[in-house]
Amino acid sequence: MDSQLSDVPGHSWLGAPIDARPLFGPEQAALMATLRGLTPADWRREAVPGWTVRDLAAHLLGDFYGRLARDRDDHQEGPRFAPGETLEAFIHRINQEWVDAHRRVSPVALVDTLDLVGAQVARFFETADPDAPSLGVSWAGVDPAPMWLDSARDLTEFWTHRQQIRHATGHGTDSDARFLSVVLDTFMRALPHTLRRVDARVGTQVQMRIEGPVGGTWTATATATAIATATVTATATAAADRWSLAEPETGHPAATVSLDPETAWRLCTRGIQPDTALARARIEGDRRLAEAACRIVSIVY
């Protein structure tokens, strides 16, 4: 995706910045149209394991309030890490606590509140400084992340949850290219972090290709010899020192993985597992590198 944004020094390895800001208003409108079209029975359908459509809508409301409180209002209170708790465990715990507390809220009240608060979130992102430091994006291996990546990450979360609601209620993925192209571009920023422990010579290139008009090609280049150890930390330095999306494409990639858009986004959000994606993929070159690339995940998992 072409972008007018400048890159923050030290983050060039993430690739060209993404400007998702204009899409928050349309995504909010699409969410409200989806929710207002649900039947009473739809709200009780399972959207993701353990959560109904209503639970997922409540989770989105928590995301909305959290963003405004933290970044717009500089509100410092809220849940804290338990002793020894990992980021993933913390996120899953506080999400579940929020959903549990909102099971007394009716779908009608949820929709009204999501309409009100979601519009404020869209306005917040529309005026955000894309180059400002912001929340870390753990699945990309960067903390703090530039706001352009943090905001694009939130757009992918809102979009993904909307698709989960659509699927749960008998509808297919929204194919609107405005959203899907940016979502896929954002998801692919996890590729350097995905490959961070993969041994490869400097200059080795691994390509992910997503087919069709919403797709593209993302090439990760090994910029240093990877350290094959389970103790490598998930920091920007760890990923940036090993693989980069910013290097010029030269020669023939050591491995290329081609995916259709549906397979790609569902893989990145673990709607399908890597072995399923590999079975659907068209692979050229080094199978070991292709399998490593298909371990990509672009959510807290």
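## Basis of the description

Residues are numbered from 1 along each chain as its sequence is written, and side-chain values use heavy atoms, with hydrogens and water left out. Because the model is predicted, local features need pLDDT of at least 70 and side-chain atom pairs count only at pLDDT 80 or more, whereas totals for chains, interfaces and linings use all residues.

## Helices α2 and α5

Helix α2 (residues 53-72) and helix α5 (residues 147-168) have axes that come within 10 Å and cross at roughly 165°; helices here are DSSP runs of H or I with at least four residues, strands are runs of E with at least two, and both are numbered from the N terminus. The axes are lines fitted to C-alpha atoms over the stretch in contact, with angles running from 0 to 180 degrees between N-to-C directions. The two helices are therefore roughly antiparallel to each other, a term used for angles over 145 degrees.

On the α2 side, the contact (heavy atoms within 4.5 Å) is made by residues including Leu-56, Leu-60, Phe-64 and Arg-67, and on the α5 side by residues including Met-147, Phe-158, His-161 and Ile-165. The residues of this contact divide into 8 nonpolar, 3 polar and 6 charged, where Ala, Val, Leu, Ile, Met, Phe, Trp, Tyr, Cys and Pro count as nonpolar, Asp, Glu, Lys and Arg as charged, and the others, Gly among them, as polar.

## Helix α6

Helix α6 (residues 177-187) is mostly covered, with 8 of its 11 residues buried; buried means under 20% relative accessible area, exposed over 50%, and partly exposed in between, for a 1.4 Å probe and protein chains only. Among the buried residues of α6 are Phe-179, Leu-180, Asp-185 and Phe-187, and what covers the buried residues includes α1 (24-36), α5, β5 (205-210), β6 and α9 (261-268).

Thr-221, found in strand β6 (residues 216-222), is buried, with a relative accessible area of 6%. Its side chain is joined to that of Gln-205 by a polar contact of 3.0 Å, that is, a pair of N or O atoms within 3.5 Å, of which, within protein, one must be able to donate a hydrogen and the other to accept it, while residues adjacent in sequence count only if both atoms are side-chain atoms.

Glu-126, found in helix α4 (residues 107-126), is partly exposed, with a relative accessible area of 41%. Leaving aside neighbours within four places in sequence, Glu-126 is in contact with Arg-21 and Gly-25.

Conventions:
Angles under 35 degrees count as roughly parallel, over 145 as roughly antiparallel, 65 to 115 as roughly perpendicular and the rest as oblique.
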